[in-house]
Amino acid sequence: MALKARLDLRQSQSLVMTPQLQQAIKLLQFNNIELSNFIDSELLENPLLERADPGQTYAEAGDSAVGNGDEGLDSRSSDNFADRDDQLGTDRLTASDTMGSDDGPLDVASDALYGGEGEITRNGEPVAGNHDFSAPYGAGGAGGAGGGAVAGGDDLPGLEQTLADETTLRQSLDDQLNIAFADARSRMIGSYLIDMLDDNGYISGALDEVSEALECDLEDVERVLKVMQGFDPVGIFARNLAECLELQLRDLNRFDPAMAALLEHLDVLAKRDFDRLRRICGVDSDDLHDMIAEIKTLDPRPGKTADGEIATPVIPDVLMRAAGNGNWHLELNSEALPRVLVNEEYVAQIGAGIRDREERGFMSEKLQTANWLVKALHQRATTIMKVASEIVRQQDGFFTYGVSHLRPLILRDIAEAIGMHESTVSRVTNGKFMSTPRGMFELKYFFTTAISSSDGGDAYSSEAVRHRIKSLIDNEDPKKILSDDKLVELLGKEGIDIARRTVAKYREAMRIPSSVQRRREKKARAS
């Protein structure tokens, strides 16, 4: 067969994701902290971007973010977003159905998305009335019981900027070591012991290893360890759980022979064999329960507590409140939305003076990037609102009556209702929170698996089944403790078709003891 080179033309179709579309997908899955960091980096890199004034709504910022084409710069924005304005709705966001009633579609004015004066209407009639969304959430009472992101002025530093540098556990222990010992030998032993600490603050090896490694007497190691066990945090440098609890009880002056006996039999406590514990400790039921309650206040992992990360406050992305007549008022939290716009005055100023082609190309690229970013943020906001609105519509029973009325829901249900792909819904619900009258919930909370109905009716949400199991156990007769089999029988009578192993899995996930352990515990309390 002869080999030869030739040129062929072929026509094919393929799906290509532009860099801007890829970046838009990333924006969609960012939580508000990640998005804020991304916006900060864009503001540093793009001289045409600026933050909107505190009193300016985001919708107004979006209207002013279309560059100035009269100056000869390329002000075109990404077609990927311009072509979708009719799908996502840049002027008005309309939920696919009503929330809580069948009176008509729920419309959310565009300004309400971005912190301006807005209202929710049904058939053109206002439902919740005008509300100043630009005010910090909590000031106007717009939020539910679980919300309340307190906002300060833009000229004030954020809470995270006022925190001092955190001292690590190692630094703290080194400082205490230098104060406790003056001789180099003891400091060397102490430094070696610090290196042996695990994440929980326990000594991870035997003291003989320290003696052999440093070629010192075991008595010296034990002497140094005894002093270091008085370091802060209390309970550090213990060799096991019992010793860790003992150190904390001694610090509280609550360590006595009865407590010592209890710490020596923690395995019996784990089995909840309270009758045996009373005999071992030589105390009555009231004293035993007081001792157990005191142990529960102690810290079994002093190392983790001392070196833990600072908890980041959760800021809701969506605010929800009752609007009366079974309706719900939804709005995006203006404090969680970054407000950026294109500085048109600056664009006009530098556009008039640019003569170099390379400079003109640079500014044209920056202007196009700025226009795209404002559009992408607008699309992100409307998409979050559409998903949240549909979730509220489908889970109306939960918000009205509680967790027992939580419906089974999957991503496909929301995606089909709003005409989007499941992956888009997944990105929107990841790391986004909604403040509701029933508390703060991540949007993913409302997606639960279905437990089939024994009578062929509607399926039950797994979260609602968990709540029902806990309710049955909390109200059980101390003389007739409910086993997992009995729970299956009771749930079956209520129309819930569930296996015994599923009941056991849900019970263990809620950290509810088995029927044997509960029987011992309640019997001990009764006696």
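Guide: Happy to. Keep in mind that this is a predicted model. Let's begin with Asn 32, which sits in helix H2, residues 32-45.

Visitor: Why is Asn 32 called buried?

Guide: Its relative accessible area is 12%, and buried means under 20%. The value falls under that cut-off, so Asn 32 counts as buried.

Visitor: What does the side chain of Asn 32 reach?

Guide: The backbone oxygen of Ile 315, at 2.9 Å. Leaving aside neighbours within four places in sequence, Asn 32 is in contact with Ile 315, Asp 317 and Ala 336.

Visitor: Which residues line the second largest cavity?

Guide: Two of those contacts turn up again: Asp 317 and Ala 336 are in the lining, along with Leu 332, Asn 333, Leu 337, Arg 380 and Ile 384. By class that makes 4 nonpolar, 1 polar and 2 charged residues. The space inside is about 40 Å³, and the count of cavities of 30 Å³ or more comes to 2.

Visitor: On to charges. What makes Asp 220 and Arg 223 a salt bridge?

Guide: Their closest N and O atoms are 4.0 Å apart, and the rule asks for within 4 Å. The pair is therefore counted as a salt bridge. Asp 220 and Arg 223 are 3 residues apart in helix H10 (residues 218-228), so about one helical turn separates them.

Visitor: Are Asp 220 and Arg 223 buried or partly exposed?

Guide: One of each. Asp 220 is buried because its 19% is under 20%. Arg 223, at 38%, is partly exposed, since that value lies between 20% and 50%.

Visitor: How do you know that Glu 246 and Arg 250 meet in a salt bridge?

Guide: The N to O distance is 2.9 Å, which is within 4 Å. Both lie in helix H11 (residues 241-251), 4 residues apart, about one turn of the helix. Glu 246 at 24% and Arg 250 at 48% both count as partly exposed, because each value falls between 20% and 50%.

Visitor: And where do Glu 422 and Arg 412 lie?

Guide: Those side chains meet in a salt bridge at 3.5 Å, N to O. The pair links distant parts of the chain, with Glu 422 in helix H21 (residues 422-429) and Arg 412 in helix H20 (residues 411-418), 10 residues apart.

Visitor: How many salt bridges does the count come to?

Guide: The count comes to 20.

Key. Residues numbered from 1 in each chain as written. Predicted model: local features only at pLDDT ≥ 70, side-chain atom pairs only at ≥ 80, totals over all residues. Heavy atoms only, no water. Helix = DSSP H or I, 4+ residues; strand = E, 2+ residues; numbered from the N terminus. Buried < 20%, exposed > 50% of the residue type's maximum accessible area, 1.4 Å probe, protein only. Polar contact = N/O pair within 3.5 Å; in protein donor to acceptor, adjacent residues only side chain to side chain. Contact = heavy atoms within 4.5 Å. 1 Å grid on protein atoms, 1.4 Å probe; cavity = no way out; pocket = protein on both sides within 12 Å on 5 of 7 lines; lining within 4 Å. Points joined across faces, edges and corners; volume = space filled by probe spheres on them. Nonpolar A, V, L, I, M, F, W, Y, C, P; charged D, E, K, R; others polar.
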